[in-house]
Amino acid sequence: MKSPVRNKVKGHRPGIVPAKRAVLNFLLCMVCFSALVPTVGAQESQHQKVRIPVGAVTREFTLYVPAQLPANAPLLLSFAGMNQTDDFQADQAKYWMVADTAKFIVVYPRAVNPNASWDMTGPSDLEFTSAIIDTIYSRYAIDKTRVYASGFSWGANFCYRIANSMADKIAAIAPTMGHSWGPNPNVAASSRPMPVLQVMGTVDDVFKLENVQPVLDKWIAHNGCNTRARTTEPYPASRSSSQAVKKLWINTTTKVEVVLLTTPKGHWHSNDPAHIMVNQEVWDFCKRYSTAGLIVSSVDAVEQPGCPVISRELFNLSGVRLNVPADDSTPAVYIVRDRLSDGSIKSYKMIANN
């Protein structure tokens, strides 16, 4: 396997074509908006830089807190890849797009030395992670049983170390475009069954898809899951053009799952409504678990039409939130993001022709 020395950023953003007001308004009238969308730029103002003491050093992270945060909100930690900063991770992962409606806090930790990234052998970054959780709890009274870890590339690798070392504090992990590798041994040794969502790109040439199954096999066995996967292709099943595939292994008693989601992408935190939105998939998986086990069963809102939409937001393809009502400046291709009554977040692409 090629050493993941440097994360390669691939992909592009499609161009945006202006839409005629009449056509777009007609399409928007076909759906029911239960809440107005906040103004463009609101999300940027809610990202904060925070410094905290960890032993003899001061560490830093980027914090995102959605407006009107309820009591006992969950926390998601999102670890950057090698050679990448917390700011870069916040920009590519865009968890605010989900957190605003699902109401959870997001923290993007910053490595002491981004070139070395996360410490896979010593205690420094485990202590940092623990200090972050305690800090956010002291400030926002989060639900400490619902803290989740995700990460990109080397940050995904670090998620597996967290799972093995901090299962008392981390309810589920969702590594993206990276897996247990190198100085982080491929072992499943968490103190309790650990739900795992692994997202991989089929053409990733840094962390290759062919190397991930041996990692997952360890966690499938550790969690007592069935060894035969349930496969959904395409995923989601309602999106016939999607090239994403979902494989799920489940412990039918505890309902703890190991899931592999593959998307036709390279080494990038992909949010593409034509296939899957990684940010919403991570949340929809993690939110179902606490450190005590399963909270709610898996729900596919598209396949369960009885689950109503309770709020809706629009974004352009760069992830910028759009105002409502729409006008001539609203793009012809945009993302609709729905929050459902079970807390799930579902996205799809809307196209208005000139």
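**Close-up views of a predicted chain**

The chain has 8 helices and 15 strands, where helices (H or I, at least four residues) and strands (E, at least two) are DSSP runs numbered from the N terminus. This is a predicted model, so local features need pLDDT of at least 70 and side-chain atom pairs count only at pLDDT 80 or more, while totals for chains, interfaces and linings use all residues. Residues are numbered from 1 along each chain as its sequence is written, and side-chain values use heavy atoms, with hydrogens and water left out.

**View 1. The chain as a whole.** Of its 354 residues, 55% count as buried; that label means under 20% relative accessible area, against over 50% for exposed and in between for partly exposed (1.4 Å probe, protein chains only). Now for contacts, meaning heavy atoms within 4.5 Å. Among those between residues at least 6 apart in sequence, 69% join residues at least 24 apart.

View 2. Helix α6 covers residues 154-165, and the C-alpha atoms at its ends sit 17 Å apart. That agrees with the 16 Å that its 12 residues should span at 1.5 Å a residue, the expected span being 1.5 Å times one less than the number of residues. The helix is mostly covered, with 11 of its 12 residues buried, among them W154, F158, Y160 and R161. What do the buried residues of α6 pack against? They meet the strands β3 (75-79), β5 (147-152), β6 (172-176) and β7 (196-201), plus the helices α5 (124-140) and α7 (213-222).

View 3. Counting a disulfide as a pair of cysteine sulfur atoms within 2.5 Å, the total comes to 0. C159 is in no disulfide, and the nearest cysteine sulfur, that of C286, is 8.9 Å away. C159 is one of the buried residues of α6, with a relative accessible area of 0%. C225 is at 8% relative accessibility, so it counts as buried too.

**View 4. A149 in strand β5.** A149 lies in β5 and, at 0% relative accessibility, counts as buried. Leaving out residues up to four places away in sequence, A149 touches L76, L77, F79, C159, I162, I170, A172, I173 and A174. Take I170 from that list: A149 and I170 are 21 residues apart along the chain, and their C-alpha atoms are separated by 6.9 Å.

**View 5. H269 and N279.** H269 is in the loop between β10 (257-263) and α8 (278-286), while N279 is in helix α8. Is H269 buried or exposed? H269 is buried, with a relative accessible area of 1%; N279 is buried at 0%. Setting aside residues up to four places away in sequence, H269 touches Q89, Q92, A93, Y95, F152, T176, V278 and N279. With its own neighbours within four places left aside, N279 is in contact with A93, K94, Y95, M97, V98, H269, N271 and R337. The C-alpha atoms of N279 and I345, 66 residues apart along the chain, are 9.4 Å from each other.

**View 6. The largest cavity.** A search of the whole structure turns up 2 cavities of 30 Å³ or more. Here a cavity is a set of points, on a 1 Å grid over the protein atoms alone, where a 1.4 Å probe fits but cannot get out, and lining residues have an atom within 4 Å of a point. The largest cavity holds about 40 Å³ of space. Its lining consists of A80, G81, Q84, T85, D86, R110, A111, P114, S117 and W118.

Conventions:
1 Å grid on protein atoms, 1.4 Å probe; cavity = no way out; pocket = protein on both sides within 12 Å on 5 of 7 lines; lining within 4 Å. Points joined across faces, edges and corners; volume = space filled by probe spheres on them.
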